Amino acid sequence: MASDKTIRYPTSAARQEYERNRRKLLANEDVCAICGQPVDKTLPASDLMSAAIDHIIPVSKGGDPVALENLQLTHRKCNRRKSDKLPSVRAPEKPAADIRPEEWESW
Ligand SMILES: [Zn+2]
């Protein structure tokens with residue numbers, strides 16, 4: 001009996017690479033890639049102005065989940081605003097299964 005469960009969980013190697021790139025980004029970048037304002041990396045994760053890692057091309061759209069080239073430093077607030085793109089503005093493409101970076105980040 002073959003298993004039909006093909007849920008793709010990130011491997012621990014991918015997770016490690018993501019962690020490494022995330023730290024690299026936090027060490028090298030000081031400015032939010034979305035609003036251009038400085039990011040205070042000492043703020044707790046619960047703070048909207050704290051640092052968050054954003055996927056430039058969302059993983060759900062084929063973006064690389066761990067590559068440094070696809071990651072950017074943002075404010076949590078800005079990251080959230082980006083992933084919330086209001087449908088009222090224009091919604092030509094609204095993938096139902098869009099993985100939000102924050103959820104992805106908490107694997
Ligand atoms: Zn920002």
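A residue is counted here as buried if 20 or more other C-beta atoms lie within 10 Å of its own, as exposed if 12 or fewer do, and as partly exposed in between, with the C-beta atoms placed from the backbone. The model is a predicted one, in which local features need pLDDT of at least 70 and side-chain atom pairs count only at pLDDT 80 or more, whereas totals for chains, interfaces and linings use all residues. Residues are numbered from 1 along each chain as its sequence is written. By the burial criterion, 17% of the 107 residues of the chain count as buried.

**Overall architecture**

- The chain has three helices and two strands, where helices (H or I, at least four residues) and strands (E, at least two) are DSSP runs numbered from the N terminus.
- Along the sequence these elements follow the pattern α-β-β-α-α.
- Of the contacts in the chain with a separation of 6 or more, 60% are accounted for by residues 24 or more positions apart, a contact being two residues whose C-beta atoms, placed from the backbone, lie within 7 Å.

**Helix α1**

- Helix α1 (residues 12-28) has 17 residues and reaches 24 Å from its first C-alpha to its last, close to the 24 Å expected at 1.5 Å a residue, the expected span being 1.5 Å times one less than the number of residues.
- The number of buried residues among the 17 of α1 is one, so this helix lies largely in the open.

**The strand pair**

- Strand β1 (residues 51-55) has five of its five residues buried, and it is therefore largely enclosed by the rest of the structure.
- In a regular strand the side chains alternate between the two faces of the sheet.
- In β1, Ala51, Ile53 and His55 point one way while Ala52 and Asp54 point the other way, and all are buried.
- β1 pairs in the antiparallel sense with strand β2 (residues 71-75) over five bridges, pairing requiring that DSSP finds at least two bridges between the two strands.
- Within this pairing, alanine 52 stands opposite threonine 74 in β2, and histidine 55 stands opposite leucine 71 in β2.
- Four of the five residues of β2 are buried, so β2 is largely enclosed by the rest of the structure.

**Nonpolar core**

- The largest nonpolar core is made up of eight residues, namely Cys32, Val39, Ala51, Ala52, Ile53, Leu71, Leu73 and Cys78, a core being a set of buried Ala, Val, Leu, Ile, Met, Phe, Trp, Tyr and Cys residues joined through C-beta atoms within 7 Å.
- The elements that give two or more residues to this core are β1 and β2, and the largest share, three residues, comes from β1.
- Leaving aside neighbours within four places in sequence, leucine 73 is in contact with Leu25, Leu26, Glu29, Cys32, Ala33, Val39, Ala51 and Ile53.

- Serine 46 is found in the loop between α1 and β1, and it counts as exposed because it has 7 C-beta neighbours inside 10 Å.
- Serine 46 and arginine 76 are 30 residues apart in sequence, with 8.8 Å between their C-alpha atoms.
- Lysine 77 has its place in helix α2 (residues 76-83), and with 16 C-beta neighbours inside 10 Å it counts as partly exposed.
- The C-alpha atoms of lysine 77 and aspartate 47, which are 30 residues apart along the chain, are separated by 8.5 Å.
- Leaving aside neighbours within four places in sequence, lysine 77 is in contact with Leu48 and Met49.
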